[in-house]
Amino acid sequence: MAARAQSTTPVRKVPIHLQSAQNRLLIKNGKVVNGDGIQDADVYIEEGIIKQVGNNLIVPGGSRLIDARGKYVIPGGIDTHTHLQLPFMGTTTADDFYTGTRAALAGGTTTIIDFVIPSKGQSLIEAYKQWRERADEKVACDYALHVAVTWWSPEVQQEMEELCRDHGINSFKMFMAYKDLWQLDDTELFEAFERCKQLGAVAQVHAENGDIIKENCKKLLAAGVTGPEGHEMSRPEEVEAEAVNRACVLANQVNCPLYIVKMTGAGSARLLADKRGQGLIVYGEVTAAALATAAQCDMGSWSHGAAYLTSPPLRPDPETPQILMDLLSSDDLQLTGTDHCTFSSAQKEMGKGDFTKIPNGVNGVEERMSLIWEKGVVSGKMDPTRFVAVTSMNAAKIFNMYPKKGCIAVGSDADIVIWDPKLEHTISAATHHSAVDFNIFEGITCRGGPEYVIANGRVTVDEGQVKAVQGYGSFIPTSPFAPFVYEAVTEREKVHQLIKVEREGRIVAVRNTMVPVVPQATSNGEALELNLSSVNGGEEVVAAADHHFASHQHFTRPPTSSGGRNMQDTTFSLSSEYPSMADVEEEAKGKKNSIQVKNPPGGKSSGPFW
C-alpha cells in the first residue's frame, strides 16, 4: 500500500478587526459530548485551537467566559453533502458559498464538504480550481471538497492521482444516474473503483439506475404525466435499491471502500446494512430531508410538489423517515448530510409542463442538526453520543479530518457548539438564513438547538445571533488512505488471500477466503504447513477447509454507547479454535461427490476473483 500522505494545515485568513475575537475563550460547567462518551468538563480555547479540557483549569486572565450550565458542549457539525453556487439544469443554485455557509453556522454546522462537478469532458483539475475560486473568498466556515468523475479516460485517471497527491482530495463521486450527462457505465464504474483503491480514496456513488429512469420518464411524459409527481414515479425505490446492490458488487470485486450518498429508500438502506453485515467496507449517508419528512405531492399545488423534488426522491410512505432514523441510530447507516441544493420558486417553475426540467434540490444545511436531535434524541432513538457520531465524528473519520475535526480534544480545531436541549424553535422561511424563498420543513418545531456556535475559536452564533463573516473559512485538505477506512480494508484483505495449488504440473490460483494469514501452530509448537497438492487431490481440501473455517467465522463489533452495533471498529475474528488437519481431511472425504466452496464475504463469485 502506498505511503499515507500527510495533511496540510491551511493558513487561515483572519481579518484584522477579528483577530482579538479569537484569542481566548473558556466554556464552563457544560457536559462535553464526543462520539465515545460524555464528561462534565470545562474547555479552554486559544488562537482557534482547543488547549485544555478538564476541571479546575488554569487559564490566562482576560479570557471570555461562556457558562454552559445545563447544556451540551459538542463538536461543530460536518455536513458531508452540499451544492453551493452550483450551475445545474440551466440555472445556478440560490445559495452561494457565503449564504450557504452562513446558514450552516446558524444551525450548528462548522464544516461543509461541497462537490466539484466537472462538465462532461472537462478537466477535473480545471473544475477543482473553479470551485476553489468560487469558495475561498466567500465561505464563512471551513470547507472541504469531493470531486465528481463525470466521464472516464486515461487523463481522468491521471488527474485523480494529482488531486489526491497535490490538492487535498480523498473522495470521488460517480453517478449511476443522469444518463447522457454524468452517468458512468458498469465498466467505467469498475475501473473508477479500482483507481480509488489504488489512490487510497473513498469511492462515492449516487445510486439510481439511470437507464431505467430515462425510459420511465419517456413513458410518463407520453402518458401525459408532466407534474412533479412524475419524478418519484420515474424513480421508484427498487431503482435505487438495484443501483445500491450493483455498486456494492462492483466495489467488492476490488475491495474498494464505498460510500453511498443521500439514501432515501428504506429498502436500499436495509440492503446496505446487509452488505455491511457480510463484511463489505461500505458507508451509508442519509439526508436530513429523508429523515424528517416524506414526499409532499399535493396534487392541487404544483409549486408544493416541486419544492420537495430531489434525487433520489423523498419517498411518499410516511413511515420511511422513521425506518431510516432507526437504521441510523443502530449504525446500519453511518452519517448525515443534506444535499443542500436550493432553487427558488421561480427557478423550479422552469419545469412547468415537464417534470424532468424541474431543478432538483432542497434545503437542509441550517436545519439538519436540530431535525436529527428532534427526530433522533428527543424521540429516544439515539443518545447525545450517537448524535455527535452521525453529525460530525463519523464524517471526520471517513474523510480523514479526525481528530482535527469531529471531536472536542486538546489540539483539535475549536469548532464547538453549545447545544441547549431546552431551546424550542419552529422552522420557517421567514427566519432562516438561506437565500431560498421557501423551506421544505416549514412549521416543524424542534426542541434543542445551538445557543452558541464557535468556528475556529470565533463565536459566530452568539446567544442565537448569527455573526458570520464572509471569507473567514478556509479550505481543509483531506489526505488519502484515511486510517479509519483503509485499516479496515487492510484487515479485510488479510482474510482474502490467493493460494497456489499445483495440479499435474500446472499452478492454479484458488481463492482461499478464510484460512488465517499466520501459519497455525501445532500442539508441539511447530508451524502447520498444508500441502494442498498432495492431500486428497487438493481441490477437496481447499473446499473443506473453506467450509469448515466459514462455519467458525464471526464479525465482532463492540456496542455503541446507545446499545446499537458499533461499525466504527470492524474486526474479523475466528472462533476459539481452528480445525485440525484430520478434521479437514475427514470433511474433504465426505464431500468428494458434492464439493461446497464458501462464497467470499459480500456475495457470490463465479470464479477465483471477487
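Helices (H or I, at least four residues) and strands (E, at least two) are DSSP runs, numbered from the N terminus. By that definition, K262 lies in strand β13 (residues 258–263). The model is predicted: local features need pLDDT of at least 70, side-chain atom pairs count only at pLDDT 80 or more, and totals for chains, interfaces and linings use all residues. Residues are numbered from 1 along each chain as its sequence is written, and side-chain values use heavy atoms, with hydrogens and water left out.

**Nonpolar cores**

- A nonpolar core is a set of buried Ala, Val, Leu, Ile, Met, Phe, Trp, Tyr and Cys residues joined through side-chain atoms within 4.5 Å; buried means under 20% relative accessible area, exposed over 50% and partly exposed in between, with a 1.4 Å probe and protein chains only.
- The largest nonpolar core has 122 residues, and the members that touch the most others are F172, M174, F193, V205, L258 and I260.
- Helix α7 (residues 237–253) supplies the largest share of this core, 7 residues.
- A second, separate core holds 22 residues, including I78, Y259, A396 and I398.
- In soluble globular proteins, nonpolar side chains tend to be buried together.

- Contact here means heavy atoms within 4.5 Å.
- Leaving aside neighbours within four places in sequence, F193 is in contact with M174, A203, V205, A247, L250, A251, V254, C256 and L258.
- A203 is found in strand β12 (residues 202–206) and counts as buried at 0% relative accessibility.
- With neighbours within four places in sequence again left aside, A203 is in contact with F172, M174, F193, C196, C256, P257, L258 and Y259.
- A203 and N170 are 33 residues apart along the chain, and their C-alpha atoms are separated by 8.9 Å.
- I66 is in strand β4 (residues 64–67) and is buried, with a relative accessible area of 1%.
- Not counting residues up to four places away in sequence, I66 touches L25, L26, I27, K28, Y452, I454 and V459.
- I66 and I418 are 352 residues apart in sequence, with a C-alpha to C-alpha distance of 9.2 Å.

**Helix pairs**

- Axes are lines fitted to C-alpha atoms, for helices over the stretch in contact, and angles run from 0 to 180 degrees between N-to-C directions.
- Angles under 35 degrees count as roughly parallel, over 145 as roughly antiparallel, 65 to 115 as roughly perpendicular and the rest as oblique.
- For residue classes, Ala, Val, Leu, Ile, Met, Phe, Trp, Tyr, Cys and Pro count as nonpolar, Asp, Glu, Lys and Arg as charged, and the others, Gly among them, as polar.
- The axes of helix α13 (residues 368–378) and helix α14 (residues 384–398) come within 11 Å and cross at roughly 140°, which makes α13 oblique to α14.
- On the α13 side R368, M369, I372, W373 and V377 meet P384, F387, V390 and T391 of α14; by class, this contact has 7 nonpolar, 1 polar and 1 charged residues.
- Helix α2 (residues 124–136) packs on helix α3 (residues 154–166) at an angle of about 40°, with the axes 9 Å apart, and the two are therefore oblique to each other.
- L124, I125 and Y128 of α2 meet V156, E159, M160, E162 and L163 of α3; the residues of this contact divide into 6 nonpolar, no polar and 2 charged.

**Helix α11**

- Of the 10 residues of α11, 8 are buried, so the helix is largely enclosed by the rest of the structure.
- The buried residues in α11 are T320, P321, I323, L324, M325, L327, L328 and S329.
- D331 follows α11 and has a positive phi, near 75°.

**Backbone geometry**

- S311 and P312 are joined by a cis peptide bond with omega about -10°; P312 is in the loop between α10 (302–307) and α11 (320–329).
- Another cis peptide bond joins Y402 and P403, with omega about 5°; P403 is in the loop between α14 and β16 (416–426).
- K262 is not a glycine, yet its phi is positive, near 35°; K262 is buried, with a relative accessible area of 7%.
- F481, also not a glycine, has a positive phi of about 55°; F481 is in the loop between β19 (465–466) and α15 (483–494) and is buried, with a relative accessible area of 4%.
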